[in-house]
Amino acid sequence: MARLREIYSYDDGKYAALRDAARRATAAYQNAARGLDTLKEWVLVEFGLVHTAEAIHRLAHLQPVRFDAIGDILHQRHLMQEYPATAEYRERPADMDGVFGEVIRLLEAIETELKDCVGVCEAAGLYPLAREFENLQMDNSRSYEKFLYAWQMYDATESSGTSYDSWIQALFDGEEAH
């Protein structure tokens, strides 16, 4: 009889593709956390939008919670999560449109990798795991929607940064930056 580790391992063809997909998704979350924390600093120091910086900061701190969920999904099949190295985030947007564009880009990178995790799981017949990855997609999509809305309002109120920043405080007051 085979031992547990011989069955539930990335060496098994059923799980092999999931290793790389989960690594890429974890890296996308790690990159987003690093990028969002850097953008928070940039918005606070360069643009003086305290509440906008705080909303970005909250989103940054959701990313480790979300990539830990990848480990929880993998543990359902006794597989280990791997944490790849991430590069330093070096973008310095010239304006808030650039900042919002970067926030959205980071969230899109996560979506791309989660979509791959869903596809890999479905191809291997790991349907419950695929649904768990879809739950992460939905969380990411809620963040995406909220920051698109914040960007739209910024564009609509660009003549008054303080009015916009107060509006952001109300939008995110008392809740995570989903």
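The legends below describe several close-up views of a predicted model.

**View 1. A salt bridge between Glu82 and Arg19.** In this predicted model, which holds 11 salt bridges, one of them joins the side chains of Glu82 and Arg19, with a distance of 2.8 Å from N to O. Glu82 lies in the loop between helix H3 (50-75) and helix H4 (96-123), whereas Arg19 lies in helix H2 (residues 13-47), so this pair ties together parts that are 63 residues apart in sequence. Glu82 is partly exposed, its relative accessible area being 22%, and Arg19 also counts as partly exposed, at 32% relative accessibility.

**View 2. A salt bridge between Glu88 and Arg90.** Here Glu88 and Arg90 form a salt bridge in which the closest N and O atoms are 3.1 Å apart. Buried or exposed, how does Arg90 count? With a relative accessibility of 62%, Arg90 counts as exposed, because the cut-off for that word is over 50%.

View 3. Glu102 forms a salt bridge with Arg105, and the closest N and O atoms of the two residues are 2.9 Å apart. Glu102 and Arg105 are three residues apart in helix H4, which means that about one helical turn separates them. Glu102 is buried, with a relative accessible area of 12%, while Arg105 is partly exposed, with a relative accessible area of 38%. Salt bridges can also share partners, and in this way Arg19, Arg23 and Glu82 are joined into one network.

View 4. Where is Glu91 found? Glu91 is found in the loop between H3 and H4, and with a relative accessible area of 42% this residue is partly exposed. Although Glu91 and Gly35 are 56 residues apart in sequence, their C-alpha atoms are 8.1 Å apart in space.

**View 5. An aromatic pair of Phe100 and Tyr164.** The structure holds eight aromatic pairs. Among them is the edge-to-face pair of Phe100 and Tyr164, which is 6.4 Å from centre to centre and has 90° between the planes. Phe100 lies in helix H4 and Tyr164 lies in helix H6 (residues 161-172), so the pair ties together parts that are 64 residues apart in sequence. Both Phe100 and Tyr164 are buried, and for Tyr164 the relative accessible area is 1%.

**View 6. An aromatic pair of Tyr154 and Tyr164.** Tyr164 also takes part in an aromatic pair with Tyr154; this pair is edge-to-face, with 5.1 Å from centre to centre and 85° between the planes. Because Tyr154 lies in helix H5 (residues 127-156) and Tyr164 in helix H6, the pair ties together parts that are 10 residues apart in sequence. Tyr154 is buried, with a relative accessible area of 17%.

**View 7. An aromatic cluster.** Which residues form one aromatic cluster? The cluster is formed by Phe100, Tyr149, Trp151, Tyr154, Tyr164 and Trp167.

Definitions and conventions. Residues are numbered from 1 along each chain as its sequence is written. This is a predicted model: local features need pLDDT of at least 70, side-chain atom pairs count only at pLDDT 80 or more; totals for chains, interfaces and linings use all residues. Side-chain values use heavy atoms; hydrogens and water are left out. A salt bridge is a side-chain nitrogen of Lys or Arg within 4 Å of a carboxyl oxygen of Asp or Glu. Helices (H or I, at least four residues) and strands (E, at least two) are DSSP runs, numbered from the N terminus. Buried means under 20% relative accessible area, exposed over 50%, partly exposed in between (1.4 Å probe, protein chains only). Rings of Phe, Tyr and Trp (its six-membered ring) pair if their centres lie within 6.5 Å; planes under 30 degrees apart count as stacked, over 60 as edge-to-face and the rest as tilted.
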